[in-house]
Amino acid sequence: MSRLRHILTNNKARNAGVAILLLFALCATLAPWIAPHDPWEFGPAFLHPSTTNLLGTNDVGQDIFSELLYGTRNSLLVGFAAAFIAVSLGTVVGLVAGFRKGVLDDLLMGVTDVFLVVPMLPLAILVSVYLGPSIWNLILVIGLLWWPSTARVIRSQVLSIRESGYVESARALGAGDLWLMWRHVLPNVLPLLMAKFVLTVAMAMLMDASLSFLGLGDPIAKSWGMMLRYAFMRGGFVGGMWWWYVPPGLAIGLCILSLTLISFGIEEKSDPRLKRVLER
Amino acid sequence: MSELLRVANLSVVFDTPAGLVHANRGINLTVNEKETLGIMGESGCGKTVLFLSLLRLQQPGRIASGSIAFDGRQLTGLTASEMQQVRGRQIALVPQDHSTALDPAFTVGQQLDEALMIRENGGGLWKTSLMGCRARDRSARLDEIRAVLSELALGELVDTGRLLARYPHQLSGGIRQRVLIAMALLGHPRMLIADEPTTALDRASRAQTLAVLNALCRRMTMLIISHDLEAIRTTCDRVAVMYGGRIIETGPMLSVFNKPRHPYTRLFLSCQKLSRGDDLPEIIGDVLNLMDFPPGCSFHPRCPQAMPVCSLVEPAEVHFDDAMVACHLYGSGENTC
């Protein structure tokens, strides 16, 4: 409990981030109960905001506010699942490359560099076109393409940790490489990993929105990117119906902001030297 | 007394962009069972590389030639996984810097437990982490940890339960040092290597650590590396003096301390036997550059007793009853030209 209080009172920016994210998480879990309408139900189209339809309706008469709530589920799911895949992959690559050094390191980092150099969005578009539109394909594409930066960051940290006194002394006790990586290196890169994970979630959500906007997401599923896509294609932007396209855009922005704030907070906590720079 | 460790003609080199660094050049060394050998010498003389090579942890250096026989087994020929079984269980190391040698992410108790799990299951990940927890129940392991801690006089100094729950940064240097000794002892090693066990400590914890080592060296084989003469004097049976990657003098501790044969040993000892008002003695010149040796005896540029022959011929080892010295002053005449 005191630990929780410590985390919460430590940093205002991060608390704001946590609060916003919790709000979104709440919306996502409670969507079926708090949404005023079924977002897939057709009705009168192009309604303006009113008390029955808080944000009006879209071109086929689906309630936009309910769509927004259900979209939270999709966006968060894609963001976290893709980030989980990306960070796990990046961690394994970075850990092995940094710890083993030598030829394996050169090989893994060579592959990483190739992935880093290739522009991500066009590649993601290409792969998702090939795989076909679905949430799971989106998660897979983002997860499998977004690991190189994590691998780089983790490797650089591992390179310094592997030379530390405690790794050396554990090795002298008879510990093997896998044990050293699992027991000593991984726990000591964990703070960095957490910060990187949260940031990757933000990137994955942005990527998800971009790909969905381009029509590469599941056309029936509700997601913020899809809402923007339909608002764009079916006259929402041209018709000046701000209640259609501003809320999903704002939601994406807020979500990414909150994740970035959390990431900075974690990074600052793991390395207090950063504190003053961030406060300024 | 049977022989436990025999190092013969061991040479360790480091390939660097600037050239080959000869950290150890033809080391000959024996350590008998239950004996404590002290190795002393200036910083940069190759002490650390020597004991790291005994554990085959000298990377990126490589053993260029020579052999290390431990209990009749050649360590130089072992595979990596066989060597892993030797580390900790046959030869254990007490690292020098107690402030970095403990993992900041785990409590002292977890790290002592880790040492035990590694001993019982080998250092592999799956065996140690998965079966390690089941192999013997926690309380039995805790009992063993407590027994070792009380042996190191940590039992009465601090509350063991609280000590085990502490993180390394919450402890004083002396206690951390003893936790490291405990970790090494939990592996039931045949030989313990202590790397500068007293240098990073204040006077009080140094005295306590020395008392602990002193008690230990009565019952086990130890190799103590230090330039703290008092630490060597209170614990060691024999000493070896290193200079420029070679062992230049060995002998029983008392005879080396009282009647040093090599001019370097004499100077080295005099630097620490000071009384008030004495001029500060120093060994003129710098520690050897291990990449570029002077011809002949590597100490001759700094030696007050250097003779013409010293700059030409590398002195051979001259053996006495139980001592050895590598210096032309004691040459049998064959080496002089």
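**View 1. Val7(B) meets its partner in a neighbouring strand.** In E2(B), the residue bridged to Val7(B) is Leu29(B). This is a predicted model, in which local features need pLDDT of at least 70 and side-chain atom pairs count only at pLDDT 80 or more, while totals for chains, interfaces and linings use all residues. Residues are numbered from 1 along each chain as its sequence is written, and chains are lettered from A and ligands numbered from 1 in the order in which they are written. Strand E1 (residues 3–16) of chain B and E2(B) run antiparallel and are joined by 10 bridges. Helices (H or I, at least four residues) and strands (E, at least two) are DSSP runs, numbered from the N terminus.

**View 2. An open sheet of four strands in chain B.** The order is E2-E1-E4-E5, with antiparallel pairing; two strands pair if DSSP finds at least two bridges between them. At the edges, strand E2 (19–32) and strand E5 (73–74) of chain B each pair on one side only. Helix H1 (residues 47–54) of chain B lies across E1, E2 and strand E4 (62–70) of chain B, at about 65° to E2(B). Such angles run from 0 to 180 degrees between N-to-C directions, with axes fitted as lines to C-alpha atoms, for helices over the stretch in contact.

**View 3. An open sheet of eight strands in chain B.** Follow the order E6-E7-E8-E3-E9-E10-E12-E11, where the pairing is mixed. Strand E6 (91–94) and strand E11 (318–319) of chain B stand at the edges with a single partner strand each, so one side of each has no neighbour in the sheet. Helix H8 (residues 173–185) of chain B lies across E6 and strand E7 (191–195) of chain B, running at about 170° to E6(B).

**View 4. Strand E9 of chain B and its two partners.** Six of the six residues in strand E9 (238–243) of chain B are buried, meaning that 20 or more other C-beta atoms, placed from the backbone, lie within 10 Å of a residue's own. Arg238(B), Ala240(B) and Met242(B) lie on one covered face, and Val239(B), Val241(B) and Tyr243(B) on the other. Strand E3 (residues 36–40) of chain B pairs with E9(B) in the parallel sense over four bridges, and Ile39(B) has Ala240(B) as its bridge partner. Strand E10 (residues 246–252) of chain B runs antiparallel to E9(B), with six bridges between them. Here Met242(B) is the bridge partner of Ile247(B), while Ala240(B) stands opposite Thr250(B). Two residues separate E9(B) and E10(B) in this hairpin, and Gly244(B) in the turn has a positive phi of about 55°.

View 5. The contact takes 14 residues from domain 1 of chain B and 15 residues from domain 2 of chain B, where contact means C-beta atoms, placed from the backbone, within 7 Å. On the domain 1 side, helix H2 (80–86) and helix H9 (203–217) of chain B each supply at least two residues, and H9(B) gives the largest share, four residues.

**View 6. Where chain A touches chain B.** Chain A brings 18 residues to the contact and chain B brings 25 residues. In chain A, helix H8 (165–172) and helix H9 (177–213) are the elements that give two or more residues. H9(A) provides the largest share of this side, seven residues.

How values were computed
Contact = placed C-beta atoms within 7 Å. Buried ≥ 20, exposed ≤ 12 C-beta atoms within 10 Å, placed from the backbone.
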